[in-house]
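Let's take a walk through a few spots in this structure. Keep the 3D view open and follow along.

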Amino acid sequence: MNNKMIAKFIGKILLVEAAFMLPAYGISICRHEDAAARAFFITILLTLLVGGMFVIFTRGAKKGFHAREGLVCVGMSWIVLGLFGALPFFLSGAIPHYVDALFEIVSGFTTTGASILPEVEALPMSLLYWRSFSHWLGGMGVLVFLLAVSSGDERSKGFTMHILRAESPGPKVGKLVPRMKQTAEILYILYMILTVLNIIFLLLGGMPLFDSICIAFGTAGTGGFGIKNDSIAGYSPYLQNVCTVFMLLFGVNFSCYYMLMLRQIRSVFKDEELRLYLGVVFGSTALIVWNLRGFYGTIGETIRHAAFQVASIVTTTGFATTDFDLWPTFSKSILLCLMLIGACAGSTGGGFKCGRALLVLKGLRRSVRQIVHPGRVEVVRVNGRAVEEKVLENTNAYLAAYMLIIAASFFLISVDGCSVTTNLSAVLACFNNIGPGLEAVGPTCNFSGFSVFSKLVLIMDMLAGRLEIFPILILFSRTTWGKR
């Protein structure tokens with residue numbers, strides 16, 4: 001285990017985090033938010049000090065980096081990001097208990113959007129910005145950002161692939177271009193372009209600049225932290241429709257946008273995962289609209305709310321325009337299923353991913369055919385290409401770990417005595433990085449009612465869900481820390 005290289009990388013991550021706190025610190029000074037300004041000042045100094053020490057004392061670290069180091073580096077970095085990122089909330093007194101502050105910021109970085117705050121609008125503007133910006137930073141991944149801006153040192157060749165694979169969502173991460181650093185740059189350029197476009201369309205609808213930036217951060221990262229107590233419900237139908245469209249856009253695999261840039265339009269429309277994703281979205285919306293007939297005043301309003309909530313849940317964003325906990329059971333069941341499916345691989349969305357669901361369904365179909373015809377040899381294909389058996393094995397292993405973690409987390413938080421629906425939806429909402437659940441954790445409620453123990457369990461769920469399970473699980477394995 002190359003501990004020095006891992007420590008050096010974590011040190012750089014802390015320096016990046018401190019730099020990204022500066023705009024929030026500037027807002028706190030301009031707005032005369034004294035408590036928040038002091039909290040940001042202390043946090044930035046402490047983060048710079050610890051990060052600087054890590055970098056200085058590991059200057060002679062060898063560049064050797066393998067898959068194990070990549071997984072550990074990603075897992076540890078995200079935990080450290082949360083531990084330091086929670087300090088402004090805690091030191092300012094806005095969130096008096098550190099575990100609650102940690103829950104809030106981990107929910108931000110993992111783009112979950114689950115909150116313990118009963119009154120969001122009571123937060124100072126600087127903390128609202130930091131809370132929303134954590135979505136944007138966590139959406140594409142802070143380590144991917146560091147790879148994009150770092151120098152292309154040839155001695156570190158190889159470790160970038162392990163980092164990108166460990167942090168990027170989806171069953172398999174490949175290169176858009178031959179160099180991984182260039183791939184990271186392309187991903188962030190596309191991410192920033194879509195974010196800016198989102199802000200522009202929100203501004204055109206009359207949304208204030210600060211609101212537009214924060215909402216765009218939440219939409220881009222598919223996070224869902226609102227800056228109003230009613231989330232998006234208080235904004236105009238036009239603004240809600242803009243959010244619907246951009247949530248769906250950020251739920252698409254970013255490689256599709258790169259192919260569009262290369263004018264490979266036919267390849268995009270033939271993408272099986274994209275077609276499954278769009279089919280799930282339009283099919284779910286149609287079923288909910290049918291089930292909600294007469295629930296709202298007009299068919300237009302019904303379509304708007306149904307489309308928004310489907311987009312919000314399937315992309316794991318978590319914004320809300322209405323209290324869907326009041327919807328009929330059939331509609332709520334659809335939303336619960338969408339929590340499990342999630343968005344496309346290679347997007348900023350969470351969940352199991354449409355790409356994995358596609359592989360599981362095709363693998364199941366092959367197994368059924370082989371039972372009927374034992375001698376039959378069949379290769380699973382996606383987009384006309386054969387899928388390696390190792391990828392299918394990893395997908396099945398992920399599915400097993402996915403179900404096991406959901407069951408274990410559900411069992412552990414049940415000690416608080418909440419209802420089955422509350423506990424199950426809370427675990428699904430946190431593990432799939434969605435945000436709101438049902439009943440006591442519905443869109444008009446929050447997660448403050450859980451005990452400290454349950455909040456810690458849900459924090460680990462958020463981290464495991466965002467990092468695709470294994471970078472967190474590997475931290476608890478003895479073989480990880482032993483000699484190779």
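This is a predicted model: local features need pLDDT of at least 70, side-chain atom pairs count only at pLDDT 80 or more; totals for chains, interfaces and linings use all residues.

## Salt bridges across the chain

Searching the whole structure turns up eight salt bridges. One of them pairs the side chains of Lys455 and Asp100, with N and O 2.6 Å apart. These two come from distant parts of the chain: Lys455 sits in helix α20 and Asp100 in helix α5, 355 residues apart. Both Lys455 and Asp100 are buried.

Now have a look at Glu468. Its salt bridge with Lys353 has its closest N and O atoms 3.5 Å apart. Here too, distant parts of the chain are linked: Lys353 is in the loop between α16 and α17 (354-372), Glu468 is in the loop between α20 and α21 (470-473), and 115 residues separate them. Glu468 also meets the side chain of Arg356 in a salt bridge, at 2.7 Å from N to O. Arg356 belongs to helix α17 and lies 112 residues from Glu468. Through shared partners, the salt bridges join Lys353, Arg356 and Glu468 into one network.

Are these residues buried or exposed? The cut-off for buried is under 20% relative accessible area. Lys353 has 1% relative accessibility, so it counts as buried. Glu468 comes in at 6%, so it is buried as well, and Arg356, at 4%, is buried too.

## Helix α19

Helix α19 runs over residues 420-431, twelve in number. From first C-alpha to last it reaches 16 Å, close to the 16 Å expected at 1.5 Å a residue. Why call α19 largely enclosed by the rest of the structure? Because nine of its twelve residues are buried.

Among those buried residues are Thr422, Asn423, Val427, Leu428 and Phe431. So what do the buried residues of α19 pack against? Their partners are α5 (98-109), α16 (329-341), α18 (389-413) and α20 (452-466). After α19 comes Asn433, with a positive phi near 60°.

## Asp271, buried without a salt bridge

Asp271 sits in the loop between α13 (265-269) and α14 (272-291). It's buried, yet it has no salt bridge. The nearest side chain of opposite charge belongs to Arg275, 7.1 Å away; a salt bridge would have to be within 4 Å.

What does the side chain of Asp271 reach? That would be the backbone nitrogen of Leu274, at 2.8 Å. Setting aside neighbours within four places in sequence, Asp271 is in contact with Cys256 and Asn383.

Note on methods. Residues are numbered from 1 along each chain as its sequence is written. Side-chain values use heavy atoms; hydrogens and water are left out. Helices (H or I, at least four residues) and strands (E, at least two) are DSSP runs, numbered from the N terminus. Buried means under 20% relative accessible area, exposed over 50%, partly exposed in between (1.4 Å probe, protein chains only). Lys and Arg count as positive and Asp and Glu as negative; His and the chain ends are not counted. A polar contact is a pair of N or O atoms within 3.5 Å; within protein, one must be able to donate a hydrogen and the other to accept it, and residues adjacent in sequence count only if both atoms are side-chain atoms. Contact means heavy atoms within 4.5 Å. The expected span of a helix is 1.5 Å times one less than its number of residues.
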